[in-house]
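Hello,

Here is the structure we spoke about, with some notes on what turned up in it. Please open it alongside this message.

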Amino acid sequence: MTILITNDDGVNSSGIIAAKKAAEKLGETLVVAPATQQSGIGHALTLFEPIRVTNTHMLDGGEAYMVSGTPTDALIIGIFQIADQKPDLVISGINIGENLGKSELTTSGTIGAAMEAAVHGIPALSVSLQVTRGDIKFHDGHVDIDFSHAQKMTERVARMILKNGLPDGVDFLNLNIPSHPDSDCLKLTRLGERMYRVHIKERLDPRGRPYYWIDGDSVEDDEVGTDVHTLKRENCATVTPISLDATASLENMIDWLD
């Protein structure tokens, strides 16, 4: 078994080391990840500048390939240039900060890499760990947080994928893990509406011209059965099956076109 590991926090993140440790019991691991922090980049692909790949050592001393691009770039380079054969599984993460709700499908680089793996027919798992400190969510490098439970849950779900495959109609799984769990609870969930309520911060530069920061307040609850409610209110890990087929009902369009 070959397991390709990537992320969007960068190759020096503590989370990618945790993902590698979770996968080592399941097969041979190959780490190919962005050189720097890429949170919020989504499913972006680099097309107008060259991509560089450098052999490097992670913070635990393990070998990795550092890619000067996005998580999707790293995933494609890993599959088609570095790996000797098509990986049996892709793990994207462990992201520092949860990825919940519908909006994260298009903004999260962690999910973007898993989505790209699914495009190429490879079972994939995106993994994110809830954090309560906002200052470490977009940190580039080591963070001093406990990944032990996240590692255990990642190994558990990855093992199920390798053993059973993904069900028909499921292209990848999105796993979110609470920061301080009460148990090893894992629940099947659907996507919540959103993870943040967006607001814009306007400031002035030294010359009096306005500039803006896109920011947001965290949504703390949603309907029962959603990933947002299950993680934040029930303090339970969530696994959400995702399909690449985002086509809405064609039947609903028939009268609309008349």
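Keep in mind that this is a predicted model. A salt bridge joins the side chains of Lys25 and Glu155, at 3.8 Å from N to O. Its two ends lie 130 residues apart in the chain: Lys25 is in the loop between α1 and β2, and Glu155 is in helix α5. Lys25 is exposed, with a relative accessible area of 63%, whereas Glu155 has 15%. Glu155 counts as buried because the cut-off for that is under 20%.

Asp184 is partly exposed at 39% relative accessibility, and Lys152 is partly exposed at 42%.

As for the helix itself, α5 runs over residues 148-164 and spans 24 Å from its first C-alpha to its last, close to the 24 Å expected. Its buried residues include His149, Met153, Val157 and Ile161. In an α-helix, residues three or four places apart point the same way, because there are 3.6 residues a turn. Among the elements that cover the buried residues of α5 are α1, β5, β6 and β11. Just after α5, Gly165 has a positive phi of about 70°.

Elsewhere, Lys20, Glu24 and Asp60 form a network of salt bridges. The structure has 13 salt bridges.

Regards

Notes. Residues are numbered from 1 along each chain as its sequence is written. This is a predicted model: local features need pLDDT of at least 70, side-chain atom pairs count only at pLDDT 80 or more; totals for chains, interfaces and linings use all residues. Side-chain values use heavy atoms; hydrogens and water are left out. Helices (H or I, at least four residues) and strands (E, at least two) are DSSP runs, numbered from the N terminus. The expected span of a helix is 1.5 Å times one less than its number of residues. Buried means under 20% relative accessible area, exposed over 50%, partly exposed in between (1.4 Å probe, protein chains only). Contact means heavy atoms within 4.5 Å. A salt bridge is a side-chain nitrogen of Lys or Arg within 4 Å of a carboxyl oxygen of Asp or Glu.
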